[in-house]
Amino acid sequence: MSVRQIRMFSDPSLRDVAEPVTAFDRSVRDLVRALTATMRAGAGRAGLAAPQIGVPLRVIAFEVDGRAGHIVNPRLEVSGRLIRADEACLSAPGMWWPLERSFAAVARGRDMYGKPITVRAIGTLARVLQHEADHLDGVLFVDHLPEEERERFLAAIP
């Protein structure tokens, strides 16, 4: 499967809300494979959402601490316990910023064949799932920063 071009933070399409997948056909399986290949080829390589490669569908891929997978049409439930840690995005290469997120998350959705799946995550994987799910709603992690920090982050992007 070919590696795709990742859209950068300045691309307005990253602000669009992705559409749910309704048909679990070969195109969805090809998309999951492309997402995984592109994610693994990038620096950081923890997760990637379909809108980041120009596909406006609700699909994410992840690979963190030996756990790899994908979720189609994910729905997240997050814990009330928050933790602050550095976060990055393949759409802003080389940029890391501290951000508060829920420590635990449960993601429910479907696999590339339409079979229901549940991913229970803590720590870094929970952060990645939240980050990628945000992309599906047109939200960038910088949107969670206080205004002053957001301005500093955006000014620092090369």
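Analyst: In this predicted model, Asp65 is classed as exposed because its relative accessibility is 74%, and the limit for that class is over 50%. Asp65 is placed in the loop that runs between β2 and β3. Its backbone deserves attention: phi is near 50 degrees, a positive value, although the residue is not glycine. For most residues other than glycine, phi is negative. Asn73 also has a positive phi without being glycine, with a value near 55 degrees. Asn73, however, belongs to strand β3, and it counts as buried because its relative accessible area is 16%, where the limit is under 20%.

In soluble globular proteins, nonpolar side chains tend to be buried together. Here the largest nonpolar core has 17 residues, and Leu31, Leu35, Leu48, Ala50, Ile53 and Val59 are those with the most contacts inside it. At least two residues of this core come from each of α1 (26-41) and β2 (59-64). The greatest contribution is that of α1, with 6 residues. Another core, of 15 residues, lies apart from the largest one and includes Val64, Ile71, Ala126 and Val128.

If neighbours within four places in sequence are set aside, Ile53 is in contact with Arg4, Gln5, Ile6, Arg7, Leu31, Ala34, Leu35, Thr38 and Leu48. Leu31, Ala34, Leu35 and Thr38 are also among the buried residues of α1, as are Val28, Arg29, Val32, Thr36 and Met39. The elements that cover the buried residues of α1 include β1 (47-49), β2 and β3 (67-78).

The length of α1 can be checked by calculation. Its 16 residues, at 1.5 Å a residue, should span 22 Å, and this agrees with the 23 Å between the C-alpha atoms at its ends.

Charged residues of α1 can be examined in turn. Arg26 and Asp30 form a salt bridge, with 3.8 Å from N to O. These two residues are 4 places apart in the helix, so about one helical turn separates them. An α-helix has 3.6 residues a turn, so residues three or four places apart point the same way. Arg26 is exposed, with a relative accessible area of 61%, whereas Asp30 is partly exposed at 25%.

Arg7 counts as partly exposed, at 30% relative accessibility. A further salt bridge joins the side chains of Arg15 and Asp143, at 2.4 Å from N to O. This pair connects distant parts of the chain, since Arg15 is in the segment before α1, Asp143 is in the loop between α2 (123-136) and α3, and 128 residues separate them. Arg15 is partly exposed at 42% relative accessibility, and Asp143 is partly exposed at 28%.

In one of them, Phe9 and Phe153 are tilted, with 5.6 Å from centre to centre and 50 degrees between the planes. Phe9 is in the segment before α1 and Phe153 is in helix α3 (residues 147-156), so this pair ties together parts that lie 144 residues apart in sequence. Phe9 and Phe153 are both buried. Phe153 also pairs with Trp97: the ring centres are 5.5 Å apart and the planes stand at 90 degrees, so the arrangement is edge-to-face. This second pair links helix α3 to strand β5 (residues 96-102), where Trp97 lies, across 56 residues. Trp97 is buried, as is Phe153. Together with Phe141, the residues Phe9, Trp97 and Phe153 form one aromatic cluster.

Two further features complete the account. Arg81 lies over the face of Phe103, at 4.2 Å from the ring centre. The count of salt bridges comes to 11, and Glu87, Arg101, Arg127 and Asp134 are linked in a network of such bridges.

Note on methods
Residues numbered from 1 in each chain as written. Predicted model: local features only at pLDDT ≥ 70, side-chain atom pairs only at ≥ 80, totals over all residues. Heavy atoms only, no water. Core = buried A, V, L, I, M, F, W, Y, C linked by side-chain atoms within 4.5 Å. Buried < 20%, exposed > 50% of the residue type's maximum accessible area, 1.4 Å probe, protein only. Contact = heavy atoms within 4.5 Å. Expected span 1.5 Å × (residues − 1). Phe/Tyr/Trp six-rings, centres within 6.5 Å; stacked < 30°, edge-to-face > 60°. Lys NZ or Arg CZ within 6 Å of the ring centre and 35° of its normal. Salt bridge = Lys/Arg side-chain N within 4 Å of Asp/Glu carboxyl O.
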